[in-house]
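Subject: Structure for your review

Dear colleague,

Please find below the structure that I am handing over to you, together with its sequence. My findings are set out after it.

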Amino acid sequence: MVRGEALSAYRVLLRATRKTFAGDTLMLKGSALEVRKKFEENRHVNSETEIRKLLEEAKEASHFITAMIVQAKLNSDSGGYEVKPSKEHAGATLELPSEEIIRRSG
């Protein structure tokens, strides 16, 4: 039963990253590797309490990725970046990085 829940949590996290980082190959690969790494690190956890805690953390991470991260996209017409929050971001406070920070990270 717990194995099924872990697999489900893993899939939900991957779906969240695919949706949030759609079109950004670097972030898609990096986030998928990070999710896999975290699950692999905890593969041998046997304590029911610890497993429940890890499943809750995975659920929270999925929610955070979906509701709190918005991918900025380059507008080829203006040369600037645009952020288009979706309905999942309703009620969230968006903190926008400066153009300089975005350029340095790209």
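Predicted model: local features only at pLDDT ≥ 70, side-chain atom pairs only at ≥ 80, totals over all residues.

Helix α1 and helix α3

Helix α1 spans residues 2-20 and helix α3 spans residues 48-68. Their axes come within 9 Å of each other and cross at roughly 15°. Since angles under 35 degrees count as roughly parallel, α1 is therefore roughly parallel to α3. The crossing of these two helices is left-handed. On the α1 side, the contact is made by V2, E5, A6, A9, V12, L13, A16, T17 and T20. On the α3 side, E48, I51, R52, L55, A58, A61, S62, I65 and T66 take part. Sorted by class, this contact of α1 with α3 comprises 11 nonpolar, four polar and three charged residues.

Helix α1 and helix α2

Helix α2 covers residues 25-41. α1 and α2 pack with their axes 9 Å apart, at an angle of about 165°. The two helices are therefore roughly antiparallel to each other, as angles over 145 degrees are counted in that way. Here the crossing is right-handed. α1 contributes A6, A9, Y10, L13, L14, T17 and R18 to the contact, while α2 contributes L28, S31, A32, V35, R36 and F39. By class, the residues in the contact of α1 with α2 are nine nonpolar, two polar and two charged.

A6, A9, L13 and T17 of α1 are among the residues that contact α3, and A6, A9, L13 and T17 are also among those that contact α2.

The largest pocket

The largest pocket holds about 830 Å³ of space. Its lining consists of 24 residues, and α1, α2 and α3 each supply at least two residues of that lining. Which residues lie nearest the centre of the pocket? They are A6, Y10, K38, F39 and E40. Of these, A6 and Y10 also belong to the contact of α1 with α2, as does F39.

Yours sincerely

Terms used: Residues numbered from 1 in each chain as written. Heavy atoms only, no water. Axes fitted to C-alpha atoms, helices over the stretch in contact; angles between N-to-C directions. Helix = DSSP H or I, 4+ residues; strand = E, 2+ residues; numbered from the N terminus. Parallel < 35°, antiparallel > 145°, perpendicular 65-115°, else oblique. Left-handed = near helix turned anticlockwise from the far one by under 90°. Contact = heavy atoms within 4.5 Å. Nonpolar A, V, L, I, M, F, W, Y, C, P; charged D, E, K, R; others polar. 1 Å grid on protein atoms, 1.4 Å probe; cavity = no way out; pocket = protein on both sides within 12 Å on 5 of 7 lines; lining within 4 Å. Points joined across faces, edges and corners; volume = space filled by probe spheres on them.
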